[in-house]
Amino acid sequence: MSKILVVDDEEHVRLLYSEELKADGYEIITAENGYKLLERIKEEEPDLVILDIKMVGCNGLDVLQDIRNDFYDLPVILSTAYDSFKEDMKSITADFYVVKSFDLTELKKKIAIALETCLPS
C-alpha cells in the first residue's frame, strides 16, 4: 500500500483527498502547512506528496524546493486552485501539476502515473 502525504491548509480539501484516496487503497497522512514538513517526511517516509501552493503563511513552491533539496526522488504533485502557477519556474521541479477540483479523476491519474514511474519496483 502506497503512503501519500497531503499538504493543504484547507481542512475540507485534506478531508476530501483523504477519504477518496483511502477508498482507493492508499494510506493517507496529512499536514496543514509546510512547517516542519521535511521532518515529517523523514518520520513518515511517504511514497508521494500532494502539495498545495498557496497556503496561509507558507509558499508551497518554496516548500517544493526544500523537498527537492533533501528528497530529490520523492514524487510531488502540486495541487492548486490557480492554473497560473504552471508558468512559475519553481513549479518545474514538481512531477505533476493538477488544478484543484471536487472531481479527483485527474489527480488520481497523476498519482497512479507518479507511483508507477517514480517508485522502485
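Contact here means heavy atoms within 4.5 Å. The model is predicted, so to speak a calculated one: local features need pLDDT of at least 70, side-chain atom pairs count only at pLDDT 80 or more, and totals for chains, interfaces and linings use all residues. Residues are numbered from 1 along each chain as its sequence is written, and side-chain values use heavy atoms, leaving out hydrogens and water.

**Exercise 1.** Find the residues that Val-49 is in contact with, leaving aside neighbours within four places in sequence.

*Solution.* Start at Val-49 and look around. Its partners are Leu-5, Val-7, Ile-41, Ile-67, Leu-74, Pro-75, Val-76 and Ile-77.

**Exercise 2.** Is Ala-31 buried or exposed?

*Solution.* First, get the cut-offs: buried is under 20% relative accessible area, exposed is over 50%, and partly exposed is in between (1.4 Å probe, protein chains only). Next, check the value: Ala-31 has 9%, so Ala-31 is buried. Finally, see what Ala-31 touches beyond four places in sequence: Leu-5, Val-6, Val-7, Asp-8, Arg-14, Leu-37 and Arg-40.

**Exercise 3.** Describe how H2 and H3 pack.

*Solution.* Helices are DSSP runs (H or I, at least four residues), numbered from the N terminus. Step one: the angle is about 45° and the axes are 10 Å apart, with axes being lines fitted to C-alpha atoms over the stretch in contact, and angles running from 0 to 180 degrees between N-to-C directions. Step two: name the angle. Under 35 degrees is roughly parallel, over 145 roughly antiparallel, 65 to 115 roughly perpendicular and the rest oblique, so H2 is oblique to H3. Step three: list the contact, made by Leu-37, Leu-38 and Ile-41 of H2 and Val-63, Asp-66, Ile-67 and Asp-70 of H3.

Key
Helices (H or I, at least four residues) and strands (E, at least two) are DSSP runs, numbered from the N terminus.
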